[in-house]
Structures are given as C-alpha cells and as structure tokens.
Amino acid sequence: MSKFQKKRGKASPEVSTASLPDIIFMLLFFFMVVTVMRNSELKVKVVTPEATELSKLEEKSLVNYLYIGKPQPNYVETYGTTPRLQLGDKFATVDDIPLFLEQHKVKVPENKRSRITSSLRVDGSVTMGIVQDVKTQLRKSGQLRVNYSSKKEREE
Amino acid sequence: MAKTSARDRMKNEVNAGSMADIAFLLLIFFLVTTTIAEDKGILVKLPPWSEEEVDPTKLKTRNVFSVLVNADNQLLVRDELTSINDLRERAKEFILNPEKREDLSEKPTKAIISLKNDRGTEYKTYLKVYNELLGAYNELWNDEARKYPKGGDTKYTEYSDEIPIDIRREIKGKIPMVLSEAEPTNYGEQ
C-alpha cells in the first residue's frame with residue numbers, strides 16, 4: 001500500500017446511503033412478483049403428507065383450493081373436532097362444491113377452462129370417507145383434474 | 001407555491017436513512033403475508049362420473065392387480081398381506097410381466113390396477129399407496145423412454161417434457177396407466 005500516495009486535498013469519500021432504499025425496493029419488487037398473496041386463511045389444520053411423484057401446478061389462476069382437516073383451535077367451539085371441508089376461505093359441505101367450482105370457473109377465460117385443476121389440501125390423518133365424498137362430487141361436477149397437494153419426501 | 005430559493009432548499013434536506021426503514025417494513029410485510037407456492041402435488045385425472053357400475057366380470061383376473069387398504073392402513077395386494085415398500089416392485093412386475101407368467105398381466109396395455117380403500121383409511125396411507133403405484137408407472141415410463149434416441153448417440157435418460165409429444169404418446173400408449181378406484185367399504189369410519 002505504500003505505492004499508493006494518499007490523495008491530498010480530498011477528504012475520504014463518504015458512502016452515500018441514499019441508494020440503500022433503492023436496493024431494498026428492488027428486493028421488494030422481486031418478492032412481489034415472485035410470490036403470490038395467500039388468498040385464504042386456513043381455518044382447518046392441514047399437514048400435507050409427503051410423496052415422491054410430484055408435479056408442479058400450472059398457473060395459479062387456474063387452480064381452486066379445497067382444504068380438508070380438523071378445524072383450527074379457535075374454531076373448535078363452533079365447529080367441533082371432526083375433519084371438515086373448507087372451500088376457498090369458508091367452511092362448507094360437500095354440496096357447496098358445484099357452486100364453488102362455478103364461481104371459480106367464471107373468473108377463468110373460456111379457452112383455459114379445460115385446464116382448471118382442483119388442489120386438494122388434505123391433512124394426513126383425515127379418513128378417506130370425506131375425501132371420497134369430495135372426489136365423487138368433483139366427478140359429478142365434471143372437475144376431473146385433481147392435484148393431491150403433498151410435500152417432497154426427503155430421501156433417506 | 002412560494003419560490004424556493006437555493007438557500008431554502010439546502011436547509012430542507014430529507015434524511016434518506018429512514019426511507020430504508022420504510023422499505024424494510026414493506027418488505028417484511030410482504031415476506032410474511034405471501035407464500036412461495038408450496039404447490040406441488042400428485043396430479044390425478046379422475047374418471048368421469050357415470051351412474052352405472054363397471055362390470056367387473058368382463059375382465060380376466062390375471063389382468064387385474066387389486067390393492068385393498070383397510071381402516072388399519074394395511075395393504076392387501078391380490079389377497080396377500082403386503083408391506084407398502086414392496087408395492088412398487090410388485091406393480092411393475094405385474095404390468096410388464098417379463099417372465100410371461102400366467103398369473104400376471106397378458107400385456108401392459110391390458111393391465112389394470114384396481115384400488116379400493118375403506119372410509120376409515122387414513123389419507124396419508126392412501127396417498128402413499130397412490131404415490132407408489134404412480135411411481136411404478138413413472139419408472140416404467142422412464143425405462144421405456146431410455147430406448148428412444150435423443151439425437152446423435154445419446155438416448156433420453158428419463159420420461160420428461162423434453163421428449164417430443166408424439167413419442168411421449170407412444171410411450172404412454174405402450175404402458176397406459178389404468179387405475180380404477182372403487183367405492184370405499186365402510187367398516188372402519190368413526
């Protein structure tokens with residue numbers, strides 16, 4: 001460092017912190033673009049099982065979500081502890097499924113409607129009775145593309 | 001607006017340091033309220049709904065691989081108690097039938113897997129079973145894809161979207177995934 005002469009006459013330059021928020025804004029916009037607003041609050045406890053044969057869901061707008069699980073602790077008094085179905089952001093029964101599917105369908109342009117997928121987020125401990133009823137209702141409503149939401153199984 | 005002289009402007013400097021704080025706050029807000037999609041899962045095409053029951057007698061038993069799951073999450077594969085870990089291999093053996101055994105499928109295009117569970121079966125078990133069966137088919141499709149040349153001297157390493165659609169259709173035509181799910185029994189539901 002002795003080769004370099006200290007510059008005289010100039011004070012050592014201060015780092016301008018005015019660009020720091022710009023960097024943060026860039027990060028912020030990145031996150032805004034990459035992530036998706038959680039569209040509904042989970043009113044049921046869902047811990048999805050693990051699996052290996054996974055495929056990614058396509059566009060988010062083409063997916064409607066059905067949740068099945070035990071109600072969250074703050075809903076237990078009104079709804080009990082047996083597993084329930086939640087469509088979108090409300091509790092519902094199997095008979096509400098056709099209406100729910102229709103409501104989602106109208107928001108999707110015609111040419112993409114055949115690619116609508118129903119994502120079933122079901123808790124691992126739920127018994128097959130209610131899941132089967134939901135599947136039967138989906139079949140009756142013509143919604144055949146179904147995705148069983150699951151996490152990637154960690155290889156042991 | 002009153003004229004601001006250069007001197008006035010010099011005094012009214014906004015401290016840019018707090019802008020970073022505001023930006024951090026916004027960032028943390030977004031980090032907390034959004035989810036980076038945990039949206040993977042097993043894609044399934046349900047069979048269309050029909051009021052009539054499929055006639056089971058038309059199928060030869062050798063072509064049907066029956067998997068029953070009871071309310072205790074045990075598997076009965078072709079009337080034999082099986083562990084979940086053996087399911088994939090047995091399914092593959094059934095579909096391909098490399099030794100041309102009499103009790104396994106005639107050919108892959110005629111192989112049907114029938115899955116029946118109880119209303120009391122846990123979803124976790126059902127998904128694991130489905131995962132293993134789908135895994136069996138995926139491995140068979142991968143093996144089949146390896147027979148196709150990619151270009152030059154290499155061949156495809158697995159069944160994936162890089163393979164042209166008509167070859168993919170051919171592969172799936174040779175080994176179609178036919179999984180029939182029956183109405184669940186009701187012995188164990190609470």
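The views below show a predicted model.

**View 1. B:Asn97 in the loop between α3 and β6 of chain B.** B:Asn97 has 18 other C-beta atoms within 10 Å and is therefore partly exposed. Phi of B:Asn97 is near 50°, a positive value in a residue other than glycine.

**View 2. B:Arg78 in the loop between β4 and β5 of chain B.** The strands on either side of this loop are β4 (75-77) and β5 (80-82) of chain B. B:Arg78 is not a glycine, yet its phi is positive, near 50°. B:Arg78 counts as partly exposed because 15 C-beta neighbours lie inside 10 Å.

**View 3. Helix α2 of chain B.** The 17 residues of α2(B) reach 25 Å from the first C-alpha to the last, close to the 24 Å expected at 1.5 Å a residue. The number of buried residues in α2(B) is zero, so the helix lies largely in the open.

**View 4. The side of chain B that touches chain A.** Here 41 residues of chain B are in contact with 46 residues of chain A. The elements of chain B that give two or more residues to this side are α2 (17-33), β1 (34-35), β2 (40-45) and α4 (123-145). With 10 residues, α2(B) provides the largest share. By residue class, this side of chain B divides into 22 nonpolar, 11 polar and eight charged residues.

**View 5. Strand pairing between the chains, β4 of chain A with β2(B).** Strand β4 (residues 55-56) of chain A is joined to β2(B) by two bridges, and the strands run antiparallel. Opposite A:Lys56 stands B:Lys40, a residue of β2(B).

**View 6. The fold of chain B.** Chain B has five helices and nine strands. Read from the N terminus, its elements follow the order α-α-β-β-β-β-β-α-β-α-β-β-α-β. Of the 190 residues in chain B, 22% are buried. Among contacts in chain B between residues at least 6 apart in sequence, those joining residues at least 24 apart account for 68%.

How values were computed
Residues are numbered from 1 along each chain as its sequence is written. Chains are lettered from A and ligands numbered from 1 in the order in which they are written. This is a predicted model: local features need pLDDT of at least 70, side-chain atom pairs count only at pLDDT 80 or more; totals for chains, interfaces and linings use all residues. Two residues are in contact if their C-beta atoms, placed from the backbone, lie within 7 Å. Helices (H or I, at least four residues) and strands (E, at least two) are DSSP runs, numbered from the N terminus. Ala, Val, Leu, Ile, Met, Phe, Trp, Tyr, Cys and Pro count as nonpolar, Asp, Glu, Lys and Arg as charged, and the others, Gly among them, as polar. Two strands pair if DSSP finds at least two bridges between them. The expected span of a helix is 1.5 Å times one less than its number of residues. A residue is buried if 20 or more other C-beta atoms lie within 10 Å of its own, exposed if 12 or fewer, and partly exposed in between; C-beta atoms are placed from the backbone.
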